[in-house]
Amino acid sequence: MTPAARLSAAIDIIESIEANRAPAAKALKDWGTSHRFAGSGDRAAIAGLVWDVLRRRASSAFVMEDDTARARVLGMLKLERGLDVPTIAAMCDGSRFAPPPLTAAEEKALASRTTEGAPPPVAGDYPDWLDPYLAAVFGDDRIAEAMAMASRAPLDLRVNALKAKREKVQASLKHLGAQPTPWSPLGLRITLGADARNPGVHAEEDFIKGAIEVQDEGSQLAALFTAAKPGEQVIDLCAGAGGKTLALAAMMGGKGRLIATDADKRQLAPIHERLSRAGVHNAEIRTPKGPIKGDADPLADIKASADLVVIDAPCTGAGTWRRNPDAKWRMRPGALEIRRKDQAEVLERAAGLVKPGGRIAYITCSVLQPENGDQVRAFVSRHPEFTIQPPDQTATVLWDKAEAFAEAALKSDEGWLMTPRRTGTDGFFVSVLKKA
């Protein structure tokens with residue numbers, strides 16, 4: 001397919017997303033199914049265009065003074081791809097499979113308009129209703145923070161310390177351009193271009209043998225900040241597919257007791273195969289058979305005996321917009337309230353599992369204060385036996401990088417907030433609470 005034909009396809013897919021209110025991933029899959037002539041390179045390039053439009057949905061429409069799919073695609077080419085008017089016009093020449101030629105109004109907008117003076121939700125590309133929440137956290141920096149959250153994410157890998165050393169894995173993944181991550185001592189990063197296909201990491205020998213897992217560096221740091229140690233009893237209360245469970249197991253060096261569970265048993269489905277591949281032998285998976293109540297609770301036998309309970313809390317995912325840019329446009333205010341209730345419930349459950357002197361590590365992939373600091377303060381007010389561990393103490397696991405991390409991340413009385421702009425990671429909040 002020509003670049004012009006790819007552009008036409010992207011416009012069609014954006015129109016389908018809007019008309020059907022469909023998730024972008026589904027719209028892209030449906031398009032690929034009905035256009036089997038498109039090669040993998042074409043599909044990757046078209047997906048890149050669509051995701052970039054969703055990253056710059058509000059600002060592109062503002063620049064073009066038009067909210068149609070075509071206008072947003074054209075605006076994205078200017079704002080995200082940095083293309084000039086002649087280059088864009090050459091792709092829209094009206095030839096077979098190409099978009100119709102630019103109108104005079106479109107040429108003028110592309111040549112002269114910018115996001116200068118646009119309201120923060122437009123310049124930062126996020127829904128209007130989220131503005132007070134982002135302002136509460138970032139103040140006047142919220143546009144810059146949101147623009148970073150709308151940027152393209154790299155592919156981060158975590159080296160499994162149970163099986164490999166980072167230097168050796170980096171050498172074997174040299175052909176993918178893997179480089180050490182800035183903060184995590186276990187991370188490798190592969191930077192991807194706008195039209196790049198995701199490298200086939202799952203086909204790499206290092207992945208097949210369990211030496212690496214795909215995991216954002218922020219998630220790696222969140223696991224490190226729990227300070228899980230060999231010999232401890234550790235509970236991963238919201239284990240999901242097991243990303244942090246695997247990281248915790250490696251930190252424990254195969255020694256101690258690691259229990260992984262999740263309120264949604266469907267989320268746990270991939271964890272068994274992942275643990276086996278990673279060579280983890282001290283993990284126990286407890287799958288709920290129904291609603292978590294009384295004797296039906298898979299952790300009913302554990303009473304104030306855990307050294308560490310890790311809560312990778314259910315949240316809005318407002319820190320992961322780089323990887324899922326259409327999620328922010330589909331997010332509704334009601335979702336925040338539902339997640340706050342879920343978080344409070346899981347914190348209450350954790351409180352009864354921790355032994356005196358033990359700790360809770362509360363983690364979200366959100367940058368919103370109601371899910372982070374507010375939630376932690378409310379918990380401590382209900383449970384005065386818990387105190388918040390000073391964030392500087394949790395960062396000491398980074399050794400020589402702890403001071404630089406403290407300067408980069410956003411520190412509050414409740415914990416650390418990582419963001420794409422500040423730490424180059426997804427948005428993650430981490431708070432460690434110690435029981436007296």
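**Helix packing, cores and loops**

Author: We can begin with a helix pair: α14 passes α15 in a right-handed crossing. Keep in mind that this is a predicted model.

Reader: Are α14 and α15 roughly parallel or oblique to each other?

Author: Two packed helices are described by the angle between their axes and the distance between the axes. For α14 and α15 the axes lie 10 Å apart, at an angle of about 30 degrees. Angles under 35 degrees count as roughly parallel, so α14 and α15 are roughly parallel.

Reader: Which residues of α15 meet α14?

Author: On the α14 side, the contact uses Gly243, Thr245 and Leu246. Taken by class, the contact has 4 nonpolar, 2 polar and 1 charged residues. The partners in α15 are Ile271, Arg274, Leu275 and Ala278.

Reader: What does Val234 touch beyond four places away in sequence?

Author: Val234 is one of the residues with the most contacts inside the largest core. With residues up to four places away left out, Val234 touches Ala228, Leu248, Met252, Arg257, Leu258, Ile259, Leu308 and Val310.

Reader: How many residues are in the other core, the one with Ala318 and Met331?

Author: That core lies apart from the largest one, and its members include Ile259, Ala318, Met331 and Ile360. Its residue count is 37.

Reader: Now the helices α1 and α3. Are α1 and α3 roughly parallel or oblique?

Author: Helix α1 covers residues 3–20 and helix α3 covers residues 40–55. Their axes come within 9 Å and cross at roughly 50 degrees, and the crossing is right-handed. That angle makes α1 oblique to α3.

Reader: How many nonpolar residues does the contact of α1 with α3 have?

Author: From α1 the contact takes Arg6, Leu7, Ala9, Ala10, Ile13, Ile14 and Ile17. From α3 it takes Gly41, Asp42, Ala45, Ile46, Leu49, Val50 and Val53. Sorted by class, there are 2 charged residues, 1 polar residue and, for nonpolar, 11.

Reader: Is Arg21 buried or exposed?

Author: Arg21 is in the loop between α1 and α2. Most residues other than glycine have a negative phi, whereas Arg21 has a positive phi of about 50 degrees. The cut-off for exposed is over 50% relative accessible area; at 64%, Arg21 is exposed.

Reader: Which residues is Gly231 in contact with, apart from neighbours within four places in sequence?

Author: Gly231 lies in the loop between α13 and β5 and is exposed, at 55% relative accessible area. Its C-alpha atom is separated by 8.8 Å from that of Gly253, 22 residues apart along the chain. Leaving those neighbours aside, Gly231 is in contact with Lys255 and Gly256.

Notes: Residues numbered from 1 in each chain as written. Predicted model: local features only at pLDDT ≥ 70, side-chain atom pairs only at ≥ 80, totals over all residues. Heavy atoms only, no water. Core = buried A, V, L, I, M, F, W, Y, C linked by side-chain atoms within 4.5 Å. Buried < 20%, exposed > 50% of the residue type's maximum accessible area, 1.4 Å probe, protein only. Contact = heavy atoms within 4.5 Å. Axes fitted to C-alpha atoms, helices over the stretch in contact; angles between N-to-C directions. Helix = DSSP H or I, 4+ residues; strand = E, 2+ residues; numbered from the N terminus. Parallel < 35°, antiparallel > 145°, perpendicular 65-115°, else oblique. Left-handed = near helix turned anticlockwise from the far one by under 90°. Nonpolar A, V, L, I, M, F, W, Y, C, P; charged D, E, K, R; others polar.
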